[in-house]
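Work through these exercises with the model open.

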Amino acid sequence: PGSPALVMYWRYDFDDRLLYTMVVGYNTNGYVAIGFSNASYSQMEEADIVMGYIDALTTTPCIRVMYSQFTVGAPSSPPTMFIRNPSVQRSGGATILRFERAFGANAHPAGIIPTPAEGATSRIIYAMQPAAVALNCSSTTFTGLYHGNNPHGSRLVNWLPPP
């Protein structure tokens with residue numbers, strides 16, 4: 001087994017104004033999470049977040065859409081971003097989260113995906129937890145979900161495919 005690693009794949013569909021997203025956490029039994037925010041250089045401020053995991057007690061796939069108003073701490077503000085066709089699964093030692101979202105997706109202003117005319121570049125934040133998550137999908141607590149020193153951070157992403 002290797003070290004935990006998080007990889008994001010996407011398809012930016014300008015015609016349908018959709019972002020098709022797949023986030024893979026390799027060598028993990030825990031959660032993977034991706035957030036969209038242009039408000040911060042490296043933290044969670046004003047981020048629309050999608051988290052996926054398999055509940056270790058019930059084996060139920062869990063997907064949470066959240067909003068973090070602040071730079072640190074558990075997301076606690078009501079979510080507004082809409083996602084479509086979400087799924088999460090475990091396969092070959094990886095946790096795989098898939099979803100689609102509209103560029104706007106009713107997201108907070110900092111989480112809107114820019115169009116090519118607007119530069120098509122924005123910031124994502126990401127986190128994962130390699131340890132299994134034993135937390136009911138409908139729970140509003142974040143006990144045991146803090147990423148700590150596990151892979152997390154932010155990247156500037158140009159959503160367009162290379163020329």
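Helices (H or I, at least four residues) and strands (E, at least two) are DSSP runs, numbered from the N terminus. This is a predicted model: local features need pLDDT of at least 70, side-chain atom pairs count only at pLDDT 80 or more, and totals for chains, interfaces and linings use all residues. Residues are numbered from 1 along each chain as its sequence is written, and side-chain values use heavy atoms, with hydrogens and water left out.

**Exercise 1. Confidence**

Task: Find the strands where confidence is lowest and highest.

Solution. Start with the score: pLDDT is the predictor's confidence in each residue, from 0 to 100. Then go to the strands. Confidence is lowest in strand E9 (residues 152-158), with a mean of 83. Strand E6 (residues 84-91) has the highest, at 94. A caution for reading: where pLDDT is low, the predicted coordinates should not be read in detail.

**Exercise 2. The fold in outline**

Task: State how many helices and strands the protein has, and how much of it is buried.

Solution. First count the elements: zero helices and nine strands. Along the sequence the pattern reads β-β-β-β-β-β-β-β-β. Now consider burial. Buried means under 20% relative accessible area, exposed over 50%, and partly exposed in between (1.4 Å probe, protein chains only). Of the 163 residues, 45% count as buried. Last, look at contacts (heavy atoms within 4.5 Å). Among those with a separation of 6 or more, 61% join residues 24 or more positions apart.

**Exercise 3. The cores**

Task: Which residues touch the most other members of the largest nonpolar core?

Solution. A nonpolar core is a set of buried Ala, Val, Leu, Ile, Met, Phe, Trp, Tyr and Cys residues joined through side-chain atoms within 4.5 Å. The largest has 22 residues, and Ile34, Phe36 and Trp159 touch the most other members. Strands E1 (5-13), E2 (18-26), E3 (32-36), E4 (47-54), E7 (94-102) and E8 (121-128) each give two or more residues to this core. A second, separate core has 13 residues, including Ala33, Met51, Met66 and Ile125. Now list some contacts of Trp159, leaving out residues up to four places away in sequence: among them are Met8, Trp10, Leu19, Phe36 and Ile113. As background, in soluble globular proteins, nonpolar side chains tend to be buried together.

**Exercise 4. Aromatic pairs**

Task: Classify the ring pair of tryptophan 10 and tryptophan 159.

Solution. Rings of Phe, Tyr and Trp (its six-membered ring) pair if their centres lie within 6.5 Å; planes under 30 degrees apart count as stacked, over 60 as edge-to-face and the rest as tilted. The rule gives five aromatic pairs. The rings of tryptophan 10 and tryptophan 159 have centres 5.2 Å apart and planes at 75 degrees, so the pair is edge-to-face. Tryptophan 10 is in strand E1 and tryptophan 159 in the segment after E9, 149 residues apart. Tryptophan 10 is partly exposed, at 34% relative accessible area. Tryptophan 159 is buried, at 1%.

Phenylalanine 14 lies in the loop between E1 and E2, phenylalanine 103 in the loop between E7 and E8, 89 residues apart. Phenylalanine 14 is partly exposed, at 41%. Phenylalanine 103 is buried, at 2%.

Finally, ring pairs link Trp10, Phe36, Phe99 and Trp159 into a cluster.

**Exercise 5. Charges over rings**

Task: Which ring does the charged end of arginine 101 sit over?

Solution. The test needs NZ of Lys or CZ of Arg within 6 Å of the ring centre and within 35 degrees of the ring normal. The charged end of arginine 101 sits over the ring of phenylalanine 36, 4.6 Å from its centre. Arginine 11 lies over the face of tyrosine 20, at 4.1 Å from the ring centre.
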